[in-house]
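The sequence and structure come first.

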Amino acid sequence: MDPDFLNAFTQPSTLDRFLTEDVIAKGEKRKLIKPTSSNNPKLEELKLFLTEWINRTLKEEHIVVKSLEEDLYDGLVLHHLLENLGSLQLDVDKIALTEKKQRKKLSVILEVVAKCLQLEESQLKWSVESILAKDLLSTLHLLVAIAKHFEPTLALPPNVQVETITIESISGGLKTSNAVEYITENKENIEAQSNDAFDELFSCDPDKLDAVKKALLEFVDQHVGKLGLNVKDIETKFSDGVVLLLLIGQLEGYFLNLRNFFLTPASTMEMLHNVNLALELLAEGGLLNFPVNSEDIVNGDTKAIMRVLYCLYSKYRTKEA
């Protein structure tokens, strides 16, 4: 037997379970999180984040999730989550008590998810059987995909990776292979691909674009509203740099001396001064990791403005959540 298989499990009961004939059928593959990753702080952070996100989303329905594996496998929470996030009406009973009905329910739910996310079967990192079997890795991949699709501005903890072991039952016994798998995106990759993500958002998904705009404006209003400001438009309200500077001051705790910027800029040069100051503050705070043309902000370029706002949103929305 492959020694990696034995080394992957520290609990005898876990090993015994996978040596049982009916656990992995001949020709079947099963991917699992290694016990060495089970206490990974980033993994625990993601689990807690997703649990709290689900509970916030379903608060009005009095649904409380305590364990992602134990509370999602029968499809009930997933059913409510999809109805709430996507206003989707699923043609299946909400409560399924038998395994047969739970399997049918999950089949309908996962088919809807794949259709919404426009994923082919080969791209799926979960299945009816894996969710029903309370597989944590599959459950996390599913929830992350749902969250990213329906709430694209949700600041998921980045760089969550786990060590996995894939076990395959073959004629000679059990074959294993080890790997490292990302559950949420590598932050460095996110930064490198940030332009592509926003380009795609603007080019092919107007509904999602409107949702992102709304989330960003609500975030801005929540903070500059304390100063008596009301921001309703991305294209015009940020071009002079004033609101952006005040927002940074509120979030980062800066005292902005009125002599350092123009509160009521009367020319393009004064607007550029304000925007450049805001971008410098963001860069100094480690919040801006990609080049921004200040003229694009002054000219009301929606994409450029949203990219800058998202730097602040992604940091402070996580803290508020």
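## Pairing of E1 and E2

Strands E1 and E2 are joined by five bridges in the antiparallel sense. Pairing here requires that DSSP finds at least two bridges between two strands; strands are DSSP runs (E, at least two residues), numbered from the N terminus. Within this pair, Arg30 has Ile167 of E2 as its bridge partner.

## Basis of the model

The model is predicted, and local features need pLDDT of at least 70, side-chain atom pairs count only at pLDDT 80 or more, and totals for chains, interfaces and linings use all residues. Residues are numbered from 1 along each chain as its sequence is written, and side-chain values use heavy atoms, with hydrogens and water left out.

## Pairing of E2 and E3

Strand E2 covers residues 161–170 and pairs with E3 in the antiparallel sense over 10 bridges. The two strands, E2 and E3, form a hairpin, with two residues between them. Ile170 lies opposite Gly173 of E3, and Ser169 has Leu174 in E3 as its bridge partner.

## The sheet as a whole

The three strands make an open sheet in the order E1-E2-E3, with antiparallel pairing. Its edges are strand E1 (29–33) and strand E3 (173–182), each of which pairs on one side only. From one strand to the next, the twist averages 25 degrees; axes are lines fitted to C-alpha atoms, and angles run from 0 to 180 degrees between N-to-C directions.

Technical notes
Helix = DSSP H or I, 4+ residues; strand = E, 2+ residues; numbered from the N terminus.
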